[in-house]
Amino acid sequence: MAIEEVDAGSELDERSIVDPAIEIRNAKVTYDEGESYVLDDVSIDLDRNEVLGVVGESGSGKSMFASSLLDSVPDPGVLTGRITYHPRDGEPIEVLDLSKEELRELRWEEISMVFQGAMSSFNPVLKVRTHFEETLEAHDANVAEGMDFARELLSDLYLDPDRVLDAYPHELSGGMTQRALIALSMVLNPEVLVMDEPTAALDLLMQRSILQLLEDLQAKYDISLVFITHDLPLIAALADRMAIMYAFRFVEVAPTQDLVANAAHPYTRMLLNSTPNLDAPLAEMKPIEGQSPAPINLPSGCAFHPRCPLAEEQCMQSEPDYHDVSDRQGARCFRWEAAQAQILLNYEDMLEDRGTSGGDADE
Amino acid sequence: MSDDGTPVLSLEDVEVHFEDKPGLLEFGDETEVVRAVDGVSIDVMENDVVTLVGESGCGKTTLGKTAIGLQRPTGGSVKYRGHDIWDIRDGNSDADITWRDVRTSLQIIHQDPGSSLNPNRRIQTILAEPLKQVRPDLGRTEKRERILSLLERVGMNPAPDFADRYPHQLSGGEQQRVALSRALLMNPDVILADEAISAVDVSLRVEMMDLMLELQAEFDTSFIFISHDLSNARYFTAHADGQIGVMYLGELAEIGPAEEIVNSPKHPYTNVLRWATPDLSLQQTGEIPMRKIDVPDPVDPPSGCRFHTRCPEAREACQTEHPPTYSDDRHHVACFRENEDHDYWESPKLTD
C-alpha cells in the first residue's frame, strides 16, 4: 500500500499502488462558476480489495468525494479531474467520459453505493423482494440466479431471507433495513462498494455488528470498499487505510495502524483526542477549538492554520504539500514532526502496551 | 448516591405497556401489548446524572419520558420530591405542588434540535416564550438581557447576532445549544437529554457534554442522559459522578457508577455494549459476543431472562426463571451469574 498524491512533482506520485481499483486524480467539484469548491484537487487510489476509511467532519467534503466516484455530483456542481476505474479484467474505464447509459451500467454493476438512511432508499409501498427483482431486471441480469444470490447475501447479513424479502420496508427495524440495503447494493456483485455514513442512524451495537459483517462480506466476495464517516474510532476497526479530510481535501493518508499510533497531521491528532473512548483518562479528551471553514473564504495557506496550535508564518502563507512520514504515510503539514512530538495522544500509554507503533500493518 | 436527602425524582417499579389494537383490516381481536418498560426503579438526586444506555427499542426513551411526566406509567409510581406526580395531575394529592410546577421543573432536550425549534421564529422569540411562562413580570428589555446572557453562557457569541437569527441559520451544534438554553430558562430540576449529542459530529460531542456539565453545576440541575454510546455515557456520567443504567427490552439489566459499569461490567449484555464501543487502543475486537444480532420483539419478550436468546453465557436456567437483582453497594445487576450457588451453574449451556 502506498499513498498517492497529488500535484505533479510530488515524490509520492511515483509510488503508485500496484493494482488500483479506482484511481482518482485532481478531482475537483466547483459551484458558482468556480467561485467556491467543495472538493479541492483530490488525488488518491483505491487499492483492489482494500477497505479505505474516509473520515471528515460535517461539511468537509466527504460526501462529495463519494458522489464523485460515481460521477453523481448534484447539480449545479461541476466535477473535473480524472477518475479511472480498473475492472478486474478488461480495459480501464474513464468514468467522467462515459455516456449516460454507460454510467447507468457502471453504477451498481461495477461500483455500487449505500447511503445513510436506508428507509429513504427503499420505496415504502413495494416489498423488499420487488426492489431486488427490479434491480436485477433493470440491469438485464438473470432474476432467478440473482435472487438466489440475494438470499445468500441476506443470510450472510444474519437476516432471514424469506421474512425480509416478503416484508415491506417499514416492517423491518432500522438495522434490518440497512442490512437489506447493503445486500441490495451487492446483488449485482459489484467490484467496488462506496458507503456514505451507512450506519450513522443506527445504535452503536448495530453499527458495530454491521461493520463486523461487512468485514466478512468484503473477504468473501473480494470487494473494494470505501467507507465514509465522521466517526474515526468506528471505522478504525475495519479500514486497512484511512484518509482524513479537512476543508475539502485530504490532509493525511496512512494505513490505519500507523494513523492511530503515529498520526502526523495536527488535525488528525486533535481529532483522535477529541473522541470519547472507554480507556483514555477523562481529563484528556479535548474538543478542537474553532470551526471548520465554509467553502467560501477558505483560510490562506494551510486551511487548518486558524485552529492549529503549531501554526507559524509559513502555514499562513503557503499550502503544504504531502510530507512523507513513512513510505506509506503522508501528511499535508509543514510541522508534522512537531505535531507528533507536542500533541500527545490521550491513549498513548495503552498503545505502548501493544507495541503497535510503527511495525508492519499489513495482514 | 451521594446526597442523603429526598430524591428529586423517584421511580418505583415503573411499568409502561402500550396496547397495540388490531387495525380495521386486520382480523382477530387480540390486543397486542408492547412491554416498553417493566419494573424499573431509579432515583435521581439533586445535581445527579443518571444515564440510560441500550439499543434502539430497549425502552430508554419511554422510561425517560415517563420520568419527566410526559408519559403516564401503566404501573408503579413516579415521585417528584416525594409526591406522586400523577396524583398531583389528577388532583388527588395533598402536596402544595401544582402540575404546572412539576412540568416546569422537568424539561427535555430532543435528539434532533432542528425539528424542535420553530423554523419561522427568531431565536430571540423562541427563547422568550418559556420566559413569558415562568417570569411574566419581566419587561421586554430584561427578557432580552436574560436571553443574551444565557446565549453568551452557552458559547454563542456574539449573542445579539445569534438572537436575531432563524434556526436554519445555525449549525446543528448551535441549534442544540439553543434547545439547551430554552430548557434552562425554565429553571428546571431535571433535564432529560434524549440522545442530545448523537446528531452532532463525533469531534464536537465532548465540547457539548462539557457545556452541559458546566451548566449542570451552575444551574443546579440534574440530568437524565440517554445514549446508545457507552463512551459518551462514560464521559458524561463519570464527570458528574453519576450512574449508568443499562437497559435491555424494557428492563434494567445493570446499574452502577460510570467507571464500574465501563471497567468491570457484570452483566453479559453490558459486556456486549462494551464490545460495540469503538476503541482505539484495542483494535482486535473479535466476533460479536452475542448469539443473535437482532433484538427480539418487545410484544412477546423472551421468557425468563429476556437476554437469554442472545446471551453468550445463557444456560437453560435462564429460559425459565427471571433473574432477581443482586446488589453490591451502588452496583446492581440482574443476572444469575452473580450468585455462585445458583442452579444456573449446573444447567447446560444454550447453544442454538
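Which residue stands opposite Asp328(B) in strand 12 of chain B? I found His331(B) opposite Asp328(B).

**Entry 1, conventions.** I am working with a predicted model, in which local features need pLDDT of at least 70, side-chain atom pairs count only at pLDDT 80 or more, and totals for chains, interfaces and linings use all residues. Residues are numbered from 1 along each chain as its sequence is written, while chains are lettered from A and ligands numbered from 1 in the order in which they are written. Helices (H or I, at least four residues) and strands (E, at least two) are DSSP runs, numbered from the N terminus. I count two strands as paired if DSSP finds at least two bridges between them.

**Entry 2, the sheet of 8 strands in chain B.** I looked up the strand order of this open sheet and got 6-7-8-3-9-10-12-11, with mixed pairing. Strand 6 (106-109) and strand 11 (326-328) of chain B are its edges, each pairing on one side only. From one strand to the next the twist averages 20°.

I then checked helix 10 (residues 230-239) of chain B, which lies across strand 3 (49-53), strand 8 (222-227) and strand 9 (243-248) of chain B. Helix 10 runs at about 175° to strand 3 of chain B. Axes here are lines fitted to C-alpha atoms, for helices over the stretch in contact, and angles run from 0 to 180 degrees between N-to-C directions.

Strand 4 (residues 75-80) of chain B pairs with strand 5 over 2 bridges, and I found Lys79(B) bridged to Asp84(B).

I found strand 11 (residues 323-326) and strand 12 (residues 329-331) of chain A running antiparallel, joined by 3 bridges. They form a hairpin with 2 residues between them, and Ser326(A) has Gln329(A) as its bridge partner.

I read 38 residues of chain A in contact with 33 residues of chain B; contact means C-beta atoms, placed from the backbone, within 7 Å. Helix 8 of chain A gives the most to the chain A side, with 6 residues.

Definitions and conventions. Contact = placed C-beta atoms within 7 Å.
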